[in-house]
Amino acid sequence: MNTSGQAGADAPKVKLTKESFQQGLRIFRFTLPYRAKFIVGMVLLTLSSATVMAFPWIIGKLTDTANGQPVRLNGTTLTINQIALGLFLVILLQGIFSFGRIWFFTQVSEFTVRDIRQALYRKFVTLPIPYFEKNRVGAITSRITSDVGIIQDSFSLTLAELFRQVMTLVVGIIFIMVVSVKLSLFMLLTFPPIVVLAMVFGKKIRVLAKTTQDELAKTNVIVEETLQGINTVKAFTNEQFETSRYTSSLTKTVQAALKSNLYRGGFVSFVIIGLFGGIILVLWRAASLVQSGQMSIGDLTQFALYTIFIGASVAGLGELYGKVQSTLGASERILEILDEPTEPTHQPSALPIRLRGDIAYEHVAFQYPTRPDLTVLQDISFSIRAGEKIALVGPSGAGKSTIVQLLMQFYVLSSGQITIDGRPIGQYDLTELRRHIGIVPQETILFGGSIRENIAYGKTDATDEEIVQAARKANAWQFISSFPEGLDTLVGERGIKLSGGQRQRVAIARAILKNPAILLLDEATSALDSESEKLVQQAMDELMQNRTSIIIAHRLSTIRKVDKILVIDGGRIAEQGSHDDLSHNENGLYANLLKLQFELT
Ligand SMILES: Nc1ncnc2c1ncn2[C@@H]1O[C@H](COP(=O)(O)OP(=O)(O)OP(=O)(O)O)[C@@H](O)[C@H]1O
């Protein structure tokens, strides 16, 4: 076993061309740091393959000695005992070399794969947000699991196997040529073509077997569907219809199974007749050579054993071909990700910055890269002075969250600019800038660890005292200290073991600990009960003190105290002003939203 994960047997393959080969080989640069181990592995592999190849040769000599034909080495005649001892020695060496080969190749593959996974992960977390919108998470994670798994298998197995099979083939052919050129040529003309034919046959059978499986799966879908929706079937009196649908699907399955087994039967008789027939032909030829004295029994034994080796290596190479294809495919997909441009975060030259927190949006327009034909923001201009609080309100889909996300530089603006303290945000170091912006999202997603870890996410080197302090300010300490395990309480996957209000307060504590100059609050849409609503609101108020804050408000009651309200509609600022100004504008959007909420409550 290794750590390869599920090496996808159904992984897409690529055509073997010179380009795909050269591309795929680039993955080998990850093995460079371990090249010394790799070379030792290769030497051991060569030695272990060589000992295997010596085996039939010595057995031939043993047979000859048994048959009364003396074998000489350096002028002395070898006894059966000496030759058998030699065989033991060869096997012993073979065992030792194989152990060493596995040990060294495993190290190379495990370390290489660790480095590839590390490089991929580092890449993932530094890719810009649009990348994750264009690619499904499942597809991305399978790069780091199954694709890397395929590469791992190829480093630990395929590569060694490929080398060994090629060596067996070449050395095997040389050896049989030495034994008897005539018989070798005869064998090479009959045996390998049969093996190749058998492989093609085998592939066809696999395809047919898959078709049968697929058909069977379809019949199962019908059963599941109709049983789950049995009420619908009966209500529409479609029992007969469904039965005939099932029957026709069953018939297709049977037809597919029969066809597949027709080929399977053919394959078995082909193997029996063709392969064994081929062997009989070679043996017949060999027997006549032995009879006429052109070949010894020992040579015949050697010949037969090498022939089996050659046959096995031809078959093995056929299988390896498929593996090499998947390896190249996997390595191409991995390299593709590694070549993606990243966000310019964590630049080593970045100097720490201090922000006051003046923010200005100047004629900002924006389309999401995944939906370039929809202008989400049209012409947004507003400014906030350091320490002020503004609220964004408006109908769902108006563009409020988008405005906030742009400040974090998750996306590139289509036009206009955003400045902080008078400087365009693009001129700041990205990591430094984000360090000064805190965010409390609409739906708080916690990480699966403890409450302590989740709060400390805002400042990874925070002391316990700081964490408790932040939890107190966020109105979270009360519930945390009521848990028997306190800060060490595990929150469950994505924080499911905490209530919505508790999760929010943990998120607020996290933001307090981060102590940012600018704060982005996305109010939760899901209503909390009034008690926890009050606790969350108090925590938010605490958090907003002395910070420039932008609040995306869904409940208008919570934002009466803000300095300015921007009403967003259809990607534009429809109205702006204080709560009092806007609520007195009878026909205004804000006054209407207020009325609507009042009626709802
Ligand atoms: N990642 C995205 N990719 C493409 N389009 C998006 C993306 N996020 C949002 N949109 C679209 O942009 C528009 C504005 O969305 P946004 O989330 O900013 O609205 P909102 O005012 O915050 O809405 P809500 O109050 O429902 O959260 C919507 O039409 C939405 O479909």
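**Note on the predicted model: ligand shell, domains, cores and sheets**

1. The ligand is surrounded by 13 residues, and the closest are Tyr368, Ser396, Lys400, Ser401 and Thr402. A residue is near a molecule if its C-beta atom, placed from the backbone, lies within 6 Å of it. This is a predicted model: local features need pLDDT of at least 70, side-chain atom pairs count only at pLDDT 80 or more, and totals for chains, interfaces and linings use all residues. Residues are numbered from 1 along each chain as its sequence is written.

2. Helix α10 (residues 400-407) gives the largest share of the ligand shell, three residues. Helices (H or I, at least four residues) and strands (E, at least two) are DSSP runs, numbered from the N terminus. By class, the shell has three nonpolar, seven polar and three charged residues. Here Ala, Val, Leu, Ile, Met, Phe, Trp, Tyr, Cys and Pro count as nonpolar, Asp, Glu, Lys and Arg as charged, and the others, Gly among them, as polar.

3. Stay with α10. Its buried residues are Lys400, Thr402, Ile403, Val404 and Leu406. A residue is buried if 20 or more other C-beta atoms lie within 10 Å of its own, exposed if 12 or fewer, and partly exposed in between; C-beta atoms are placed from the backbone. Gln409 follows α10 and lies in the loop between α10 and β6. The phi of Gln409 is near 60°, a positive value in a residue other than glycine. Gln409 is buried, with 21 other C-beta atoms within 10 Å.

4. Three domains are assigned: domain 1 (7-179 + 319-342), domain 2 (181-294) and domain 3 (359-600). These bounds come from an automatic or database domain assignment. The C-alpha centres of domain 1 and domain 3 lie 54 Å apart. Their contact takes four residues from domain 1 and four residues from domain 3. Two residues are in contact if their C-beta atoms, placed from the backbone, lie within 7 Å. On the domain 1 side, the touching residues divide into two nonpolar, no polar and two charged.

5. Now the cores. A nonpolar core is a set of buried Ala, Val, Leu, Ile, Met, Phe, Trp, Tyr and Cys residues joined through C-beta atoms within 7 Å. The largest has 63 residues, of which Ile455, Ala471, Ile508 and Ala509 touch the most other members. Helix α15 (residues 500-514) gives the most to this core, with seven residues. Ala509 touches Ile455, Ala470, Ala471, Ala474 and Ala476, not counting residues up to four places away in sequence. Another core lies apart from it, with 20 residues, among them Phe30, Leu45, Phe97 and Ile116.

6. Which residues cover the two faces of β10? Thr548, Ile550 and Ile552 lie on one side and Ser549 and Ile551 on the other, and all are buried. Strand β10 spans residues 548-552. Strand β5 (residues 389-393) runs parallel to β10, joined by four bridges. Lys389 has Ser549 as its bridge partner in β10. Strand β9 (residues 518-522) also pairs with β10 in the parallel sense, over five bridges. There, Leu520 is partnered by Ile550. Two strands pair if DSSP finds at least two bridges between them.

7. Strand β8 (residues 437-440) is buried too: Ile437 and Ile439 point one way and Gly438 and Val440 the other. Four bridges join β8 to β9, and the two run parallel. Ile437 has Ile518 as its bridge partner in β9.

8. Strand β6 (residues 415-420) is joined to β7 by two bridges. Thr419 stands opposite Pro424 in β7.

9. Two residues of β3 deserve a look. Ala365 is in strand β3 (residues 359-367). With 15 C-beta neighbours inside 10 Å, Ala365 counts as partly exposed. Ala365 touches Thr375, Leu377, Gln378, Asp379, Ser414, Ser415 and Gly416, not counting residues up to four places away in sequence. His363 is also found in β3. Its phi is positive, about 45°, although His363 is not a glycine. His363 is exposed, with 12 other C-beta atoms within 10 Å.
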